[in-house]
Every structure is written in structure tokens, then in C-alpha cells.
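We'll take a walk through a few spots worth a look.

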Amino acid sequence: MQQNADFPAGKFPVVRMRRLRYNPLVRNLVQETVVTPDKLIYPLFVRPGQGIRTPIGSMPGVCQLSIDELVREVNILKDLGLGGILLFGIPEEKDACGSDATKDNGIIAQAVRAVKDAVQDKLMVVTDLCFCEYTDHGHCGILNDHTGHVDVDNDATLRIIAEQALVHARAGADLIAPSGMIDGMIGAIRSALDQNRFEHLPVLSYAAKYASGFYGPFREAAESTPQFGDRRSYQMDPAAVAEQALREVELDLAEGADMVMVKPAMAYLDVIRMVHEHFPGVPLAAYNVSGEYSMVKAAAERGWIDESRVVRETLTAIRRAGAGIIITYWAKDIAQNII
Ligand code: PBG
């Protein structure tokens with residue numbers, strides 16, 4: 001190795017790397033990358049009804065909850081020192097433009113109000129802002145065919161995105177997280193919020209979100225599977241040049257994003273690191289998505305891997321790559337120290 005001021009001269013037997021590893025006390029002292037509950041965000045799915053806890057088959061331990069059950073849940077979570085919860089709404093009725101999402105008495109608005117009522121400022125409430133859970137076609141916005149094939153109409157969708165942001169804001173969300181990968185969504189949200197005296201409400205952009213097979217189990221949980229086609233005309237191509245993620249982040253920051261996200265996490269650690277290095281002053285989140293969760297759960301159920309070790313190692317890797325904030329379905333288990 002070339003001589004470098006950060007690595008003083010010396011080699012074996014003068015230097016022995018294992019001296020830092022023999023004694024657990026020393027080992028712990030030199031640890032840098034630690035995962036703490038206050039930097040974890042826990043996703044929750046809310047649906048209409050009463051007394052409902054519907055387990056998601058492909059995500060053991062994850063349920064869709066009715067609002068009353070959600071309130072019971074957050075009353076437990078509020079004392080665990082979590083960074084926050086991320087709410088997804090699943091409406092009773094879906095239609096072509098996802099209108100439940102833009103109503104002040106829609107599922108997400110009701111859920112946010114009930115949760116904030118129960119937890120006050122003891123737990124941060126983040127809302128996922130998208131349309132795929134609310135549309136009958138399962139796409140993340142309004143459709144048209146002006147490009148010659150049916151696709152999400154970018155600019156028409158911006159209008160309802162702005163409306164949805166105001167619904168979340170009025171309901172009392174602490175942080176709004178738009179996940180649709182619609183061009184201009186951050187600007188549309190920011191100006192709607194600013195024009196309605198929500199200029200202090202921050203936005204976490206799902207800035208570099210890839211069209212990923214790892215979202216499969218989530219679509220069961222959120223009942224948001226596209227009824228035709230896929231999301232490749234709006235979410236990023238995993239095979240695109242890696243630096244495309246930097247353009248996405250830069251644009252969202254220019255439109256007023258306060259924090260940005262890379263998603264999924266495990267297969268995109270290089271992207272997390274790149275964004276972290278290029279935008280060191282920007283809070284960076286990573287989403288440890290449903291498929292990443294289900295794979296570990298499935299292998300652990302078979303006794304093939306040790307869930308606790310693998311989860312802690314994975315979250316450590318995501319942090320080490322540069323994500324300060326991690327959204328993960330294991331947040332509660334970590335905070336309760338049961339894995
Ligand atoms: C879109 C959204 C998705 C996820 C979070 N927000 C699904 C998608 O883009 O298809 C995926 C999260 C996960 O897989 O855990 N509203």
C-alpha cells in the first residue's frame with residue numbers, strides 16, 4: 001500500500017490488527033457504526049374497519065391495522081424511542097384518480113389525526129405520499145395515453161400530489177415523504193405547503209427509488225400491485241448509470257427537499273455511499289424494503305440463518321454506507337431488543 005498520512009508506517013509483527021479485536025471491551029470502544037432505535041422508522045399499514053389486524057402472508061410479523069388497532073400500536077411504540085413511524089393508507093374504495101387520498105376524511109387523514117391525538121409529540125409521524133394504494137389500476141398517479149400507450153400523466157399527477165400533501169399537512173403529519181418518482185413532485189408539494197402556511201413542514205423525498213423486484217411483498221401489504229404493466233416509466237432503472245441517482249437527488253434538493261432517500265437499501269449500498277459523499281450535509285435515509293425483510297424471515301424460519309445477527313449486520317451495513325436514517329420493518333423488534 002502507498003504511504004499515506006492516515007496510515008502510519010508499520011507492518012507485522014509491529015502492527016497486529018487483532019489487538020483491537022481480542023478483548024471485547026477494546027472492540028466495543030473502537031466501534032463506530034451503531035444502529036440505534038432513534039434513527040429507525042417503522043412502516044405501518046392502515047385500513048378502514050374496527051378491530052382488524054390482517055397479517056401479511058409474505059411479511060411475517062407485519063399486519064394491516066384498522067385505526068383503533070393502529071392507535072393501540074402507537075401507544076406501545078411511543079415509549080420505545082423510535083425515530084418515527086411511516087404510514088401507508090389502504091382505502092375502502094379505489095378509483096382511477098385515487099380520490100380517497102385527497103380527502104380530509106380519507107383513510108390516511110383519519111389515521112394521522114388519530115395517531116397524533118394519541119401520541120402527541122412523543123412519536124414522529126411520517127406519511128408516504130403516493131397514489132398506488134389508492135388507484136384501482138395500482139399506478140402511482142393519473143393515467144393517460146398521450147404518449148401512444150397508457151402511462152402515468154406526470155403533470156396532471158402533480159396537481160393531485162399537491163392536494164394530497166395538504167391533506168397530510170392538515171391532518172398533522174410531521175414529515176411528508178413522496179414516493180411516486182413523478183418529475184417535479186417536490187416542487188409541487190413545496191409550493192402547495194408554502195402557499196398554505198405549512199412552510200415549516202419538512203419533506204423527505206424518495207429521491208433515488210429504483211424499479212425493484214424487492215417491493216413484491218409490500219404490494220400484498222398495501223394492495224398496490226399495478227393492474228397492468230410495471231413502474232419502469234417512473235421509477236429508476238437499476239441498470240442506469242449510477243450517477244443518475246445524483247441527478248435525482250440534486251433536482252429534488254433544488255425543488256426544496258429537506259431529506260432524501262435511496263431505496264431499496266441492500267442492493268443499492270453503492271448508491272447510498274455515493275449520495276452520502278456527494279451531499280454530506282443532507283440527511284440521508286435508506287429504505288430496507290419488504291423483499292429484504294421477507295427473504296431474511298423466510299430463511300430464518302427454515303433455520304438457515306440467524307435472524308437477529310443478519311438483521312443487525314444488514315442495518316449496520318446500511319448505516320456504514322452512509323444512511324443516517326433507516327426505514328425498516330424490524331424497527332420495533334430492534335427497539336424492544338427482541339432481535
Ligand atoms: C409506493 C411505495 C412502494 C414502497 C414504498 N412506497 C411500492 C412501490 O413503489 O411499488 C415499497 C416499500 C417496500 O417494499 O417495503 N407508494
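## A walk through the model

Met-181 is buried, with 7% of relative accessible area. Keep in mind as we go that this is a predicted model. To find Met-181, go to the loop that links β8 (175-178) to α5 (185-195). Its backbone deserves a glance too: Met-181 is not a glycine, yet its phi is positive, at about 55°.

Now follow the chain to Arg-197, which sits in the loop between α5 and β9 (204-209).

Staying with the backbone, let's turn to the cis peptide bonds. One of them runs from Phe-12 to Pro-13, with omega near 10°. Pro-13 belongs to the segment before α1. Another cis bond joins Lys-263 to Pro-264, and here omega is near -10°. For Pro-264, look in the loop that connects β10 (259-263) with α8 (269-278).

Together with Arg-18, Arg-19 and Arg-21, Arg-16 forms a positive surface patch. How exposed is Arg-16 itself? Its relative accessible area is 42%, so Arg-16 is partly exposed, since the exposed class takes values over 50%.

There is a nonpolar surface patch to look at as well. Val-14, Val-15, Met-17, Leu-20, Leu-29 and Val-30 make up this patch, which covers about 580 Å². Leu-29, one of its members, is part of helix α1. With a relative accessible area of 71%, Leu-29 is exposed.

Leu-166 is in helix α4, which spans residues 154-171. Leu-166 has a relative accessible area of 13% and is buried, because anything under 20% falls in that class. While you're there, find Asp-104: 62 residues separate it from Leu-166 along the chain, and their C-alpha atoms are 9.0 Å apart.

Last stop, the cysteines. A disulfide is a covalent bond joining the sulfur atoms of two cysteines. How many disulfides does the model have? The count is 0, and the sulfur distances show why, because a pair has to lie within 2.5 Å to qualify. Take Cys-97: its closest cysteine sulfur is that of Cys-130, 14 Å away, so the gap is too far for a bond. Cys-97 is partly exposed, at 35% relative accessible area.

Cys-130 has a partner to check in Cys-140, whose sulfur is the closest cysteine sulfur to its own. Cys-130 counts as buried, with 3% relative accessibility, whereas Cys-97 is partly exposed.

How values were computed:
Residues are numbered from 1 along each chain as its sequence is written. This is a predicted model: local features need pLDDT of at least 70, side-chain atom pairs count only at pLDDT 80 or more; totals for chains, interfaces and linings use all residues. Side-chain values use heavy atoms; hydrogens and water are left out. Buried means under 20% relative accessible area, exposed over 50%, partly exposed in between (1.4 Å probe, protein chains only). Patches are made of residues with over 30% relative accessible area and no salt bridge: like charges are joined within 9 Å, nonpolar side chains (Val, Leu, Ile, Met, Phe, Trp, Tyr) within 5 Å. Accessible areas come from the Shrake-Rupley method with a 1.4 Å probe; for residues, only the protein chains shown count as cover. A salt bridge is a side-chain nitrogen of Lys or Arg within 4 Å of a carboxyl oxygen of Asp or Glu. Lys and Arg count as positive and Asp and Glu as negative; His and the chain ends are not counted. The place of a charge is taken as NZ of Lys, CZ of Arg, CG of Asp or CD of Glu. Helices (H or I, at least four residues) and strands (E, at least two) are DSSP runs, numbered from the N terminus.
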